[in-house]
Amino acid sequence: MNEELLTIGAFAARARLSAKALRLYDRLGLLAPAHVDAGSGYRYYRADQVEHARLVALLRQLDMPLARIAEVTGAGGAEAAERLAAYWADVEARLAGQRTLVEYLRGRLSGRNSEMYEKFAIEIIDVPAQVVITESRHTLADELPTWIGASLGRLEAGARECGGVKGAPFVVYHSEVSMESDGPAESCVPVADEAAARAWAGRQGRARETAVRVEPAARLARTRITKAQVAHPQILAAFEAVEQWTAGEGLSIAGPCREIYFADWDAAGPGDPVCDVAFPVHRSAVTAE
């Protein structure tokens with residue numbers, strides 16, 4: 001046998017990995033042995049594979065999924081470093097979201113809900129009936145922001161064939177959207193020409209669940225939030241604040257909640273108002289103004 005080859009036990013000791021881990025990495029294509037004995041099935045490794053094995057072990061300390069490790073180790077030099085940086089940026093973004101969620105949950109669990117809700121100014125507005133072109137999708141919370149931007153972009157482009165955009169785009173949540181519940185959500189863009197809208201919708205097919213309908217006139221209880229507050233879970237507090245205020249005013253919720261996007265999202269800064277969080281309420285329940 002070639003003296004430069006190490007048994008799996010000796011190699012595992014040098015690489016600071018277990019034999020079990022080495023077998024798993026071989027199966028996943030992360031670290032293949034230099035030689036496998038055809039008769040015994042024993043694995044043998046070269047000494048110069050130790051550095052690669054240690055890299056895999058270090059990446060695992062970052063809780064990097066095995067598939068991402070394969071991407072990093074399969075790339076060379078600067079590209080591998082860039083892939084690692086991209087992975088860590090994803091981790092930091094997730095941790096930032098979880099940190100915010102923890103603060104939100106601490107407020108709820110400690111009974112400070114009212115303090116969170118008091119920062120939201122809530123009012124009643126009336127909106128007229130609108131012809132809207134829509135796109136619906138079952139989506140989980142982590143996919144939602146990307147889908148909202150893409151679907152509203154598609155609908156606003158389609159609105160050019162429907163007499164143009166005639167109001168602020170909005171998203172209706174027909175059921176809860178979370179990491180466990182997938183809605184559906186419905187993106188809506190008001191347009192000027194109903195006949196043209198119905199013709200446009202007829203040409204779209206069913207791939208994106210595109211439709212056209214008349215959104216009835218409604219009275220909304222709403223609060224206005226900034227771009228930073230649109231992020232999950234801050235936006236949950238806004239919805240809950242409107243619900244609490246509505247109940248306190250003796251009003252009844254008359255339909256699904258919605259987000260109304262009235263500002264240029266890309267041009268807005270974190271502190272700029274961009275969105276109304278709103279619930280339709282029963283007209284008959286509203287006291288005279």
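Mentor: Ala, Val, Leu, Ile, Met, Phe, Trp, Tyr, Cys and Pro count as nonpolar, Asp, Glu, Lys and Arg as charged, and the others, Gly among them, as polar. This is a predicted model: local features need pLDDT of at least 70 and side-chain atom pairs pLDDT 80 or more, while totals for chains, interfaces and linings use all residues. Numbering starts from 1 along each chain as its sequence is written, and side-chain values use heavy atoms, without hydrogens or water.

Trainee: How do the residues lining the largest pocket divide into nonpolar, polar and charged?

Mentor: A pocket is an open set of points on a 1 Å grid over the protein atoms alone, where a 1.4 Å probe fits, with protein on both sides within 12 Å along at least five of seven lines; lining residues have an atom within 4 Å of a point. Here the lining holds 41 residues. They divide into 23 nonpolar, seven polar and eleven charged.

Trainee: Which element gives the largest share of that lining?

Mentor: Helices (H or I, at least four residues) and strands (E, at least two) are DSSP runs, numbered from the N terminus. The elements giving two or more residues to the lining are α5 (77-109), α7, α9 (227-230), α10 (234-248) and β10. The largest share, seven residues, comes from α7.

Trainee: Which lining residues lie nearest the centre of the largest pocket?

Mentor: The lining of this pocket has 41 residues. Those nearest its centre are A141, L144, P145, V230 and H232.

Trainee: Which are the edge strands of the open sheet?

Mentor: Eight strands form the sheet, in the order β4-β9-β11-β10-β6-β7-β5-β8, with antiparallel pairing (at least two DSSP bridges between two strands). An edge strand here pairs on one side only. That leaves the two ends of the order, β4 (122-127) and β8 (210-215).

Trainee: How many bridges join β5 to β7?

Mentor: β5 spans residues 130-137, β7 spans residues 185-191, and they run antiparallel. T134 stands opposite C188, and S136 has E186 as its bridge partner. The bridges number seven.

Trainee: And how many bridges pair β6 with β7?

Mentor: This pairing is antiparallel too. V171 stands opposite S187 in β7. The count of bridges is four.

Trainee: Is T210 buried or exposed?

Mentor: T210 is found in the edge strand β8. Beyond four places in sequence it touches T134, E135, W200 and Q204 (heavy atoms within 4.5 Å). Its relative accessible area is 17%, so T210 is buried.

Trainee: F120 sits in a loop; which residues beyond four places in sequence does F120 contact?

Mentor: F120 lies between α6 (113-117) and β4. Its relative accessibility is 9%, so it counts as buried. L28 is 92 residues away in sequence and 51 Å away in space, C-alpha to C-alpha. The contacts of F120 are T223, I225, Q229, A237, A238 and A241.

Key
Buried < 20%, exposed > 50% of the residue type's maximum accessible area, 1.4 Å probe, protein only.
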